[in-house]
Amino acid sequence: MAPDPSVFEKLGSFYLGKSADDGSQVLYDSRDLVTHAVCVGMTGSGKTGLCLALLEEAAMDGVPAIIIDPKGDLGNLLLTFPDLRAEDFRPWINEDDARRKGVEPDAWAEKQATTWREGLASWGQSGDRIRELRKRADFSIFTPGSTAGIPVNLLDAFHAPASSDPEELAGQALTAVAGLLGLLGIDADPSRSREGAFLSAVLTTEWQAGRSPDLAALVSKIQQPGFDKVGVLDLEAFFPAKDRFALVLALNNLLASPGFALWRTGEPLDIARFLRAPDGRPRHAIFSIAHLDDAQRMFFVSLLLNEVVSWMRRQSGTTSLRAIVYMDEIFGYFPPVANPPSKLPLLTLLKQARAFGVGVVLATQNPVDLDYKGLANTGTWLIGRLQTDRDKARVIDGLTAAADVSRKDLEAALESLGSRRFLLHNVHGGAPEVFESRWVMSYLRGPLTRDQIRILMKREATATPVAQPAATDFSSGPPAVPPGIPQVFLPSSLPLEARLVGAATVRFSDAKSGTDETRNVLVAAEFPSGPAPVDWSAAEVLTNDLADFSERPPEGASFGPLPSAASKLAGFSAWQKDFVAWLAANERLETYRCAELKLISRAGESLEEFTGRAALARREARDARVEALRKKFAPKRAALETRLARAQATVEKQKEQARHATFQTALSVGTSILGAFLGRKALSAANINRAGSAAKGVSRAMREGSDVGAAVESLESLRAEAARLETEFEAEIAALQTDSGNPEIDTVALKPARGGVQVRLFALGWI
């Protein structure tokens, strides 16, 4: 009989399957995943189906996920068909499978639809649950180095880490450099080689200065790194300029290659945007990397994991599940002996992510792929059928090292596993148990091709032509300007042109929301021609800092002509007043508010980040209310359990007494009567008295029987009371069910405070 959905549609519970022991539903507490999980099973064990079921449950509970897919079959999460019609399955079936079975593709599609319809129904699921899954979460496929899915822009890939700890900066720099060297085809140990030490020093120096260099910026930084020593050696002695130029050429060739152009378009490496769709729904961001070569995969995975670590450290602490980082087929990324670039950030996540509510889930076919020492703190193990005795021994060694589990019991449990049967060990949930995984809502068609990904994501690759600047005459020195006109210069290898540069600090203050924030504005506008005012609305927003400007012209720079308006000192005062007025009238600080939770966005917090924080706050409040209910009902449950145990003991005692009394009475009556009837004794007064005593025994036995009935009735009454208590508990839990979507977010635009615009620079700028 299929389970009632009310049994498994629980707050914060993941419906994974049913127990092999008693058939009860296996519900996994989402909070347990913050101590991470590992799933191991050979091909055909059902490992992929179980992991997809876990991700589906996370999506149903509003938990976003970063999903790394080296093989290409996790895109199956997008193959969800609420109507379960054959025509929905038809484009996605494997026609080779149909031909091997001797079945026409249309008939095979019908068979798949029927199989999924019946399979879901047998587990208490339906098309309505699939529809709800698609409503609650966004599933998107990202394809770095390809436009099949959503491309990922790695040009600006080396973001400064959130931590300023020197050891952590060095570790992240080493990871990034190792991936880059592999991508460049340089076979060198990043921790020991000259190239690795130098590039790590470049990145660390930039990060300590608060800068996040992109790949193009590294070209110039390799030539002029901003330091003259590496360790105790002079830079030129350690890595001469002519040798560094070879590294420049290698990086430049990479940037100029046609294939790498695809790595320079698409979404930036922004974890907050990956975890939230534009409409605010939690997102399962699937990074499909099957089309990349080994070096490209390692480069991307290490960069992505580094970004996850940096994002994680910017979050607040929580005991609820904020997000999942899932990696399938982890072979080569977390080995027991070697140290590839991906290993350090994975170890960091396993050691630190728990405090931030980030759960790491790793899956593999072969136990030898995993560093079991690194998994010592993993709280959940999902073990499927294994291929060899060596694999089983490796898993048992790892599990017994991580948990207090009997080796003999583990061996017996592993021998009993078959397809879709797994051993679950959860340090939060008692002894290990064997369970059968539930039917997944996604259609498991296997790895997706790039064309199939393109169809799923419905993306069209378009090219936007870049406008070329008009030709301009340039001089080798700055034009002369009248005394008193302030000038600043921005160092550049490109010709410099005259602009009116304005920099100001704008303060926003709102007592009601408690907002008090300042924003730095730096813009460059074209000088007006004739008496017209400066058009500040068309000004270019500069990404530079004021510290980037110099009062001296850079050596070797060339300069464009000086506009006639720029040589008139009187105009600067009027233009500055207009600049201040324009900022006061147009600058706005967008803040986000959630009235339900009384939350206000922080300084610099994006909508995606605030939505995620609000959703987490709602989940934390929900978990706290559920926990309070459990504590409220715990004493009643404990008291009832004690009374039930006593009542059960009374029933057993009364039954035993009734059996004894009945036996003694039967024996006495039989002896008295048979003695007379068989002629051994005459029917005497003694026999009559003995028979009378036996009759009294009958009466006593009847009373004992009555006591048994009373005890059973008392036990059944207590059982009914326990059922009523459980119903009451479930009803109160159900009453806590809130909207599964995101909390409502309002946008409020704040104007600058009165007198809140303070000019920091107003000058003729050569940029």
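Biologist: How many residues line the largest pocket, and which lie nearest its centre?
Modeller: Start with the general idea. Rolling a probe the size of a water molecule over the atoms shows where empty space is left. On a 1 Å grid over the protein atoms alone, a pocket is an open set of points with protein on both sides within 12 Å along at least five of seven lines, while a cavity is a set where a 1.4 Å probe fits but cannot get out; lining residues have an atom within 4 Å of a point. Here, 29 residues line the largest pocket, and Leu490, Pro491, Ser492, Asn544 and Asp548 lie nearest its centre. The largest share, four residues, comes from α9.

Biologist: What kind of model and numbering are these?
Modeller: This is a predicted model, where local features need pLDDT of at least 70 and side-chain atom pairs count only at pLDDT 80 or more, but totals for chains, interfaces and linings use all residues. Residues are numbered from 1 along each chain as its sequence is written, and side-chain values use heavy atoms, with hydrogens and water left out.

Biologist: What is the volume of the largest pocket, and how does its lining divide by class?
Modeller: A volume is the space filled by probe spheres set on the grid points, which are joined across faces, edges and corners. For the largest pocket that is about 1100 Å³. Its lining has twelve nonpolar, nine polar and eight charged residues. (Ala, Val, Leu, Ile, Met, Phe, Trp, Tyr, Cys and Pro count as nonpolar; Asp, Glu, Lys and Arg as charged; the others, Gly among them, as polar.)

Biologist: What lines the second largest pocket?
Modeller: The second largest pocket holds about 750 Å³ of space. Of its 32 lining residues, Gly44, Gly46, Thr48, Gly49 and Leu444 are closest to the centre. Helices α2 (47-60) and α5 (105-122) each supply at least two residues. By class, the lining has nine nonpolar, 15 polar and eight charged residues.

Biologist: How many cavities of 30 Å³ or more are there?
Modeller: The count comes to three. About 160 Å³ of space lies in the largest cavity. It has 15 lining residues, with Leu275, Trp311, Arg322, Gly612 and Arg613 closest to its centre. At least two lining residues come from each of α12 (271-275) and α19 (607-677). Helix α19 gives the most, seven residues. The lining divides into six nonpolar, three polar and six charged residues.

Biologist: How many helices and strands does the protein have?
Modeller: Both are DSSP runs numbered from the N terminus: helices are H or I with at least four residues, strands E with at least two. The protein has 20 helices and 23 strands.

Biologist: At what angle do α8 and α9 pack?
Modeller: Axes are lines fitted to C-alpha atoms, for helices over the stretch in contact, and angles run from 0 to 180 degrees between N-to-C directions. Helices α8 (194-208) and α9 (215-223) pack at about 110°, with axes 11 Å apart. That makes α8 roughly perpendicular to α9. (Under 35 degrees is roughly parallel, over 145 roughly antiparallel, 65 to 115 roughly perpendicular, the rest oblique.)

Biologist: Which residues of α8 and α9 meet?
Modeller: Contact means heavy atoms within 4.5 Å. From α8, Phe198, Leu199, Val202, Leu203 and Glu206 meet Leu218, Lys221 and Ile222 of α9. This contact has six nonpolar, no polar and two charged residues.

Biologist: Why is α14 described as largely enclosed?
Modeller: Buried means under 20% relative accessible area, exposed over 50%, partly exposed in between (1.4 Å probe, protein chains only). Seven of the ten residues of α14 (343-352) are buried, so the rest of the structure largely encloses it. They are Lys343, Pro345, Leu346, Leu347, Thr348, Leu349 and Leu350. They pack against α7 (166-184), α13 (294-313) and β12 (358-364). Across the protein, buried residues make up 47% of the 767.

Biologist: Where is Ala581?
Modeller: Ala581 sits in helix α18 (570-586). Its relative accessibility is 46%, so it counts as partly exposed. Val757 is 176 residues away along the chain, yet the two C-alpha atoms are separated by 8.8 Å.

Biologist: What is the phi of His36, and what is the phi of Glu329?
Modeller: Most residues other than glycine have a negative phi. His36 has a positive phi of about 75°. It lies in the loop between β2 (25-29) and β3 (37-40), and is buried at 2% relative accessibility. Glu329 has a positive phi near 45°. Its loop runs between β11 (323-327) and α14, and Glu329 is buried at 13%.
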